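Here is a short walk through one protein model. Keep the viewer open and follow the paragraphs in order.

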Amino acid sequence: MSIAGLVTALLVGVASGLLGRLVIPGRREAPIWLTVSVGVVAALAGTILARLAGVDTGTLNLLILVIQVGLAGAGVVLVVATAKPQPSDAP
């Protein structure tokens, strides 16, 4: 994986993590650091998956971007949808 591919995966992951919280309105139980982390890991996994599928990861490719965004978006939606509410201090 090249440096450009790594940076692209990180940027896609962070953007997907931040924007993924907007997909499910009213659900804010998952902390933002968790959604960003899941987005980054899923985007990196998308790069690895694309490389295993034979896609050239040395250059910026639309297919790689679609795979990264798809996996990152699915991961973030899954985390936000399954997050448990945080306990409040109020009785």
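Helices (H or I, at least four residues) and strands (E, at least two) are DSSP runs, numbered from the N terminus. Glutamine 68 lies in helix 3, which covers residues 62-82. This is a predicted model: local features need pLDDT of at least 70, side-chain atom pairs count only at pLDDT 80 or more, and totals for chains, interfaces and linings use all residues. Residues are numbered from 1 along each chain as its sequence is written, and side-chain values use heavy atoms, with hydrogens and water left out.

Begin with the whole chain. The protein chain has 3 helices and 0 strands. From the N terminus on, the elements run α-α-α. Buried means under 20% relative accessible area, exposed over 50%, and partly exposed in between (1.4 Å probe, protein chains only). Of the 91 residues in the protein chain, 33% are buried. Accessible areas come from the Shrake-Rupley method with a 1.4 Å probe; for residues, only the protein chains shown count as cover. The chain exposes about 5,600 Å². Carbon and sulfur atoms supply 74% of that area.

Now the contacts. A contact means heavy atoms within 4.5 Å. Take the contacts between residues at least 6 apart in sequence: 70% of them join residues at least 24 apart.

Next, the helix pairs. Two packed helices are described by the angle between their axes and the distance between the axes. Axes are lines fitted to C-alpha atoms, for helices over the stretch in contact, and angles run from 0 to 180 degrees between N-to-C directions. The axes of helix 2 and helix 3 come within 7 Å and cross at roughly 145°. A crossing is left-handed if the near helix is turned anticlockwise from the far one by less than a right angle, and right-handed if clockwise. Helix 2 passes helix 3 in a right-handed crossing. On the helix 2 side, the residues in contact include Leu34, Val38, Gly39, Ala42, Ala43 and Gly46. On the helix 3 side, Ile64, Ile67, Gln68, Leu71 and Gly75 are among them.

Helix 1 also packs on helix 3. Their axes come within 9 Å and cross at roughly 35°. The crossing of helix 1 and helix 3 is right-handed. Helix 1 makes the contact with Gly5, Thr8, Ala9, Val12, Ser16, Gly17 and Gly20. Helix 3 brings Leu65, Gln68, Val69, Ala72, Gly73 and Val76.

Where does glutamine 68 sit in all this? Glutamine 68 is in helix 3. It counts as buried because its relative accessibility is 1%. Leaving aside its neighbours within four places in sequence, glutamine 68 is in contact with Gly5, Thr8, Ala9, Val12, Ala43, Gly46 and Thr47. Isoleucine 48 and glutamine 68 are 20 residues apart in sequence and 9.5 Å apart in space, C-alpha to C-alpha. Isoleucine 48 lies in helix 2. Its relative accessible area is 49%, so isoleucine 48 is partly exposed.

Glycine 17 belongs to helix 1. Its relative accessible area is 0%, so glycine 17 is buried. Not counting residues up to four places away in sequence, glycine 17 touches Thr35, Val36 and Val76. Glycine 17 and alanine 42 are 25 residues apart in sequence and 9.8 Å apart in space, C-alpha to C-alpha.

Move on to a loop. Alanine 30 is in the loop between helix 1 (3-20) and helix 2 (32-52). Is alanine 30 buried or exposed? Alanine 30 counts as buried, because its relative accessibility is 3%. Not counting residues up to four places away in sequence, it touches Arg21, Thr35, Val79, Val80 and Ala83. Alanine 30 and alanine 81 are 51 residues apart in sequence and 8.6 Å apart in space, C-alpha to C-alpha.

Last, the surface. Val14, Leu18, Leu19, Leu22, Ile32 and Trp33 form a nonpolar patch on the surface, with about 620 Å² of accessible area together. Helix 1 and helix 2 are the elements that give two or more residues to the nonpolar patch. Patches are made of residues with over 30% relative accessible area and no salt bridge: like charges are joined within 9 Å, nonpolar side chains (Val, Leu, Ile, Met, Phe, Trp, Tyr) within 5 Å. A salt bridge is a side-chain nitrogen of Lys or Arg within 4 Å of a carboxyl oxygen of Asp or Glu. Helix 1 gives the most to the nonpolar patch, with 3 residues. Valine 14 lies in helix 1. Its relative accessible area is 34%, so valine 14 is partly exposed.
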